[in-house]
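Here are a few friendly notes to read alongside the model. Take them one at a time, with the structure open beside you.

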Amino acid sequence: MSAGPRKLHRFHGGLQLDDHKSISNTLPVKAAGIPAQLILPLSQHIGAMAVPSVRTGERVLKGQRIASCDGYVSAPVHAPTSGTVVAISDRPIPHPSGLSAPCISIDTDGKDEWIEHQGHEDYASLDASELRNLIREAGIVGLGGAGFPTYIKLNPGARQINTLLLNGAECEPYITCDDMLMRERADEIISGMRIMQHALQARECVIGVEDNKVEAFAALRNAIGTAQDIELVRVPTRYPAGGEKQLIYTLTGKQVPSHGLPLDIGMVCHNVGTAAAVYRAIVKGEPLLSRIVTLTGSGIPQPRNLEVLLGTPIKDLLAQVHGDTNKSGKLIMGGPMMGFEILHAEAPVIKTTNCLLAWHPRDVEEPPAALPCIRCGECAEVCPVLLLPQQLYWHAQAREFDNVQDYHLFDCIECGCCSYVCPSHIPLVQYYRFAKTEIWQQERDKEKSDAARQRHEVRLERLEREKREKKERHARKAASLQKKGTDSDTEKADPKKAAIMAALERVQKKKQQAPVEPQNIEHLTEAQQREIDDINARRASAHKQDEEPS
Amino acid sequence: MLTAILTLLVIAAVFGLVLGYAAIRFKVESDPVVDKIDALLPQTQCGQCTYPGCRPYAEAIARGEAEINQCPPGGEATIQALADLLGRDPLPLNPEHGEVKKQKTVVIIDEQLCIGCTLCIQACPVDAIVGAAKQMHTVIPEECTGCDLCIPPCPVDCIYVVPVEETVAEWKWPAPGEEST
């Protein structure tokens, strides 16, 4: 495509920030090595938590799948090295809440023994669906920070993809992991991009790199060589140029619709790190086991980038760069604008950990107290999404969650520009995050109460039905009894009753008959005869007494 | 003159037929206000409002028999929503009906102690307890609304209230200035 230099578009707002990148990008990427224990959270991505497919005590090999997808939007987890599964339990994870979540812990054996794996040198012979499946099985998610499963973004469905964009802007200060990756592994990035292009059948490929990354740009230029269908573009360094929607606008002048996806305008945007991971997964058959992490900030004496096995505890990494794990310092995952504080240094590095920013205790200062909003409008000036941060703030503060949504809260990318410029030091982004999670909670509550209502109604229905059935049963039984009763009156007498009647009759008959004459009364002596007469007389008198009323 | 009267009569007849048909065709089965009120209630079915479930309470509110501040599980948010819907003034929660729980709870059955009497099953308004006569019972925690109605009937006191543990997926950012310290 030699239509001359691409016309660039300027997105609204944004900030010129000191990039502080030279602190950490002077040393080459070094492998961080194998720690004694790896802690692999089951949820390192957006979507459903993976389901463990190994048991405690099981030996696992490097690259072996230890947890598999649960549903469409999900990603599997692999063992980053060989070892033994020692626990599947809740451990602290890198998350702003500081809460624990289910993790698989592996005691490493240091042998780093691979499971049998095979790559596909000739990826062009595979169709898009096969490529997507391989990428899904490799557990690749967006490595820029959001962690959305990559294979879904490679599935455009019926839509035609015109442009595949690679995001090498890395606009947030301090972070240099993509910069170092582009410098050192430009070939892998370009090969990964080719695979993605093949899967998407995209017509053109564009790589956007901020113009402060001269060496990375040169390395990519070198890797692209004379290829005509990949365009490498320098974009002006202005935060947040690396936001997906901002980069698309800068490079193409097209806006991704609100609540929409780049897919809706025929584009797909991936991070450069994701492209390199795709290359490794397809060509080498290696799942996502490690990533480059920037360790920087005033709390780290030797800031640099490390290639880190997923699941490596953060405190182990800090020790490698002689960092201060002292609690008094502040540890942030991500950059200074969008990152969040990590409360437990035992938490592991996960797929989305691009940077660990450690502040020396002397540089940690409490944020100044928020003052009332003076309606200066600075926040709206810098908002790259053209929102009205003030309105969002008022409504979020008043917990008017319908109104915040009317002001497009969910288009906010939480870039932090508004909070940065606010002269009253209002933590605006925190208000938006608060409002977002409150709204999600309300939605969950609504779902739950709808389910409870349905269950209650079904129960009432069931009780009603049971009552009705019982009534019917009783009615039927009563009817059948009634029928039996009428039967006995007319024809066959009840056999029991008849038997009793017959017995009574027999007794009556016997009573009426004369007393039985004794059989052996011949040849009696006189004394005997007299005795018998006496007895008879007594019996007669006794009978007489019996008959008299007492 | 006659034409005019006839025309008007015909028009009246046609409209009458259309309206009559519409009244039958689009008949609203239940009172829409009751549905709207019911949609705002938390569906705990706990009966703390003195009505046997959320819908009867909604009906009572719609009839004007009940106040809007009798639902402790809904708390202030529900009272506010009801006030907005019905154009009434929000009231503080009536303490006669109970207090707002600080944390969501569910119940669990101590299966070692359960004698299988089925009394709790009969008490559960949402069929969230599974079991049979002389068989162990257990609660489906996802379906439990935390109404605690199963606790009083249990003859062996083997049902306990436990708080719902916060998970990463359901964690909420605190409002600025309200962070728990």
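1. Of the contacts in chain A with a separation of 6 or more, 72% join residues 24 or more positions apart. Here, a contact means that the C-beta atoms of two residues, placed from the backbone, lie within 7 Å.

2. A word on the source: this is a predicted model, where local features need pLDDT of at least 70, side-chain atom pairs count only at pLDDT 80 or more, and totals for chains, interfaces and linings use all residues. Residues are numbered from 1 along each chain as its sequence is written, while chains are lettered from A and ligands numbered from 1 in the order in which they are written.

3. Chain A has 15 helices and 17 strands (DSSP runs numbered from the N terminus: H or I of at least four residues for helices, E of at least two for strands). Its radius of gyration, taken over C-alpha atoms, is 43 Å, well over the 24 Å that the globule rule gives for 550 residues, so chain A is more spread out than a compact globule. That rule is 2.2 Å times the number of residues to the power 0.38. Along the principal axes, the C-alpha atoms of chain A fill a box of roughly 155 × 60 × 55 Å.

4. Now find the open sheet of chain A, with six strands in the order β1-β14-β13-β17-β15-β16 and mixed pairing; two strands pair if DSSP finds at least two bridges between them. Its edge strands, β1 (30-31) and β16 (340-341) of chain A, each pair on one side only. β1(A) runs parallel to β14 (residues 304-309) of chain A, over two bridges, and Lys30(A) stands opposite Leu306(A) in β14(A).

5. Finally, look where the chains touch: 20 residues of chain A and 18 residues of chain B take part.
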